[in-house]
Amino acid sequence: MVTPATDAPLRTGLAPLRSRAFRRYVAGQLPSITCSWAQVVALSAVVVALDPGALGWVVMLQFLPTLVLGPWCGALADRVDRRTLLMAAEAGLGLVAVVFAVAAATGRLTLPVIGVLALVWGTVNAVDTPARRALTPQLVPAAAAPAAAALSGTLMLAGMTLGAALGGLLVPAFGAAVVFGINALSFLVDVAVLATLPIGASPRTPRAPRQVRDGLAHVWHTPTLRRPVVVLAVVATTTFSYQVSVPILVQEQLGGGAGAIGAALAVFTAGSLVGTLVAAVIGRPDPRTAAAATGVVAAGQLLVGLAPALAPAGLAVAGLGWSVLLSTVLAQLQRARPDILGRVMALFATVLLGATVVSSPLAAGLAAAAGATAPFLLGGIAAALTAAVAATPRPGPRGS
């Protein structure tokens with residue numbers, strides 16, 4: 001029997017859907033995320049067919065711009081209207097997808113071309129990410145912002161799950177060029193929906209010296225913001241390499257192709273989808289949630305590394321833990337002051353995606369030197385140690 005007490009977490013988790021702006025935003029994002037992850041499968045299949053060892057470098061090039069430009073892009077998101085900036089970035093990603101499609105259709109999608117396009121994609125995405133993260137709280141009442149972050153993660157992971165499965169079906173049937181073309185069209189839908197959101201202009205911070213450094217300093221000197229960033233940095237650097245480790249594991253350990261890669265990524269994102277629903281119900285998670293989620297990531301990683309035959313179960317568990325961890329960190333960081341929120345969200349993206357600059361080639365190198373399960377074993381051990389440290393109580397007058 002559902003009582004008011006047991007129903008309260010559910011109502012809290014779904015509160016953002018009462019906002020018409022948030023509902024419309026969700027409707028525009030789902031096709032774009034789905035098709036973008038179909039493109040991830042297509043691109044992974046193309047690169048693995050050309051040279052499996054190159055996949056880590058391609059993924060690194062996609063995320064390198066976020067590491068280099070992330071803080072500046074966050075300051076940009078604080079200075080200009082976030083919806084306008086996001087529309088421009090989405091249009092740019094659509095143009096890159098068009099070039100991918102044309103190159104694949106004409107037989108010119110070589111590794112050098114892929115590297116250049118991956119770098120351009122990453123540069124545009126470095127602008128897109130902080131603008132998107134900072135725009136989300138603007139779509140709902142302040143009390144619903146943590147749940148909106150969790151539901152946004154649910155949306156993203158639902159799209160990733162559908163996209164991975166869709167890519168696994170479309171690439172063998174129609175080829176990578178068709179998938180790239182479909183992704184390009186999806187960005188048109190997203191831009192059109194963003195243009196119709198019933199919201200006002202974003203708060204803007206005038207240009208001033210030291211804005212990037214001031215944002216970083218604020219996070220560093222605020223324990224409730226610094227601690228989740230440090231946990232995320234360690235875990236992301238050692239485990240967030242699934243775009244590299246999963247395709248290599250599927251091809252070399254399990255003997256699968258594009259369809260199997262898509263299925264494996266879909267299992268991971270399906271587990272992540274369950275995790276975001278859990279995070280949405282939790283509502284306002286605390287540091288203990290982050291420690292527990294990191295332990296779940298460790299368990300999933302170790303299961304894949306120690307028992308590859310159980311890889312689907314391990315990937316699902318790791319995905320669940322990862323989504324709870326990301327939602328927890330994001331909810332904590334979105335409590336930053338509104339005037340610096342863009343810079344704080346850029347730091348989140350820089351840590352998460354920038355860590356991939358290290359983890360992707362590291363995973364590829366470990367797989368080449370010690371086998372396809374080695375990246376999962378390293379990540380599992382690192383996540384387990386991080387969970388143990390994060391769970392240790394920290395005395396202090398501020399209680400944070």
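Analyst: One definition to begin: a residue is buried when its relative accessible area is under 20%, exposed when over 50%, and partly exposed in between. The coordinates are a predicted model.

User: Is W322 buried or exposed?
Analyst: The cut-off for buried is under 20% relative accessible area. W322 has 1% relative accessibility, so W322 counts as buried.

User: How many helices and strands does the secondary structure of the chain come to?
Analyst: The chain has 400 residues, and buried ones make up 57% of them. Its secondary structure comes to 15 helices and 0 strands.

User: What share of the contacts with a separation of 6 or more comes from residues 24 or more positions apart?
Analyst: Take the contacts in the chain with a separation of 6 or more. Residues 24 or more positions apart account for 86%.

User: Which residues touch the most other members of the largest nonpolar core?
Analyst: This core holds 118 residues. Its largest share, 14 residues, comes from helix α2 (residues 20–50). The residues that touch the most other members are Y242, W322 and L352.

User: Which residues is L352 in contact with, leaving aside neighbours within four places in sequence?
Analyst: Contact requires heavy atoms within 4.5 Å. With those neighbours left aside, the partners of L352 are L232, A236, F240, W322 and L326.

User: How are the planes of the aromatic pair W121 and F187 arranged?
Analyst: The count of aromatic pairs comes to 6. In the pair of W121 and F187, the centres are 6.0 Å apart and the planes are at 70°. Planes over 60 degrees apart count as edge-to-face. The W121 and F187 pair is therefore edge-to-face.

User: Where in the chain do W121 and F187 lie?
Analyst: W121 is buried at 12% relative accessible area, and F187 is buried at 3%. They are 66 residues apart, so the pair links distant parts of the chain. W121 is in helix α5 (residues 111–135), F187 in helix α7 (residues 176–195).

User: What parts of the chain does the pair of F240 and W322 tie together?
Analyst: This aromatic pair is tilted, with 4.8 Å centre to centre and 50° between the planes. The parts tied together are 82 residues apart in sequence. F240 lies in the loop between α9 (223–239) and α10 (242–253), and W322 in helix α13 (residues 311–333).

User: Which residues form one aromatic cluster with F240 and W322?
Analyst: F240 and W322 form an aromatic pair. The cluster also takes in Y242 and F268.

User: Which residues does Q62 touch, not counting those up to four places away in sequence?
Analyst: Q62 lies in helix α3. At 12% relative accessibility, Q62 counts as buried. Its partners are L43, A118, W121, G122 and Q243.

User: Is L67 buried or partly exposed?
Analyst: L67 is in helix α3 (residues 55–79). With V68 and L69, L67 forms a nonpolar surface patch of about 240 Å² accessible area together. At 39% relative accessible area, L67 is partly exposed.

User: How far apart in space are A291 and A391, C-alpha to C-alpha?
Analyst: A291 lies in helix α12 (residues 287–306) and is buried at 7% relative accessibility. Leaving aside neighbours within four places in sequence, A291 is in contact with A387, A390 and A391. A291 and A391 are 100 residues apart in sequence, yet their C-alpha separation is 5.4 Å.

Key
Residues are numbered from 1 along each chain as its sequence is written. This is a predicted model: local features need pLDDT of at least 70, side-chain atom pairs count only at pLDDT 80 or more; totals for chains, interfaces and linings use all residues. Side-chain values use heavy atoms; hydrogens and water are left out. A nonpolar core is a set of buried Ala, Val, Leu, Ile, Met, Phe, Trp, Tyr and Cys residues joined through side-chain atoms within 4.5 Å. Buried means under 20% relative accessible area, exposed over 50%, partly exposed in between (1.4 Å probe, protein chains only). Helices (H or I, at least four residues) and strands (E, at least two) are DSSP runs, numbered from the N terminus. Rings of Phe, Tyr and Trp (its six-membered ring) pair if their centres lie within 6.5 Å; planes under 30 degrees apart count as stacked, over 60 as edge-to-face and the rest as tilted. Patches are made of residues with over 30% relative accessible area and no salt bridge: like charges are joined within 9 Å, nonpolar side chains (Val, Leu, Ile, Met, Phe, Trp, Tyr) within 5 Å. Accessible areas come from the Shrake-Rupley method with a 1.4 Å probe; for residues, only the protein chains shown count as cover. A salt bridge is a side-chain nitrogen of Lys or Arg within 4 Å of a carboxyl oxygen of Asp or Glu.
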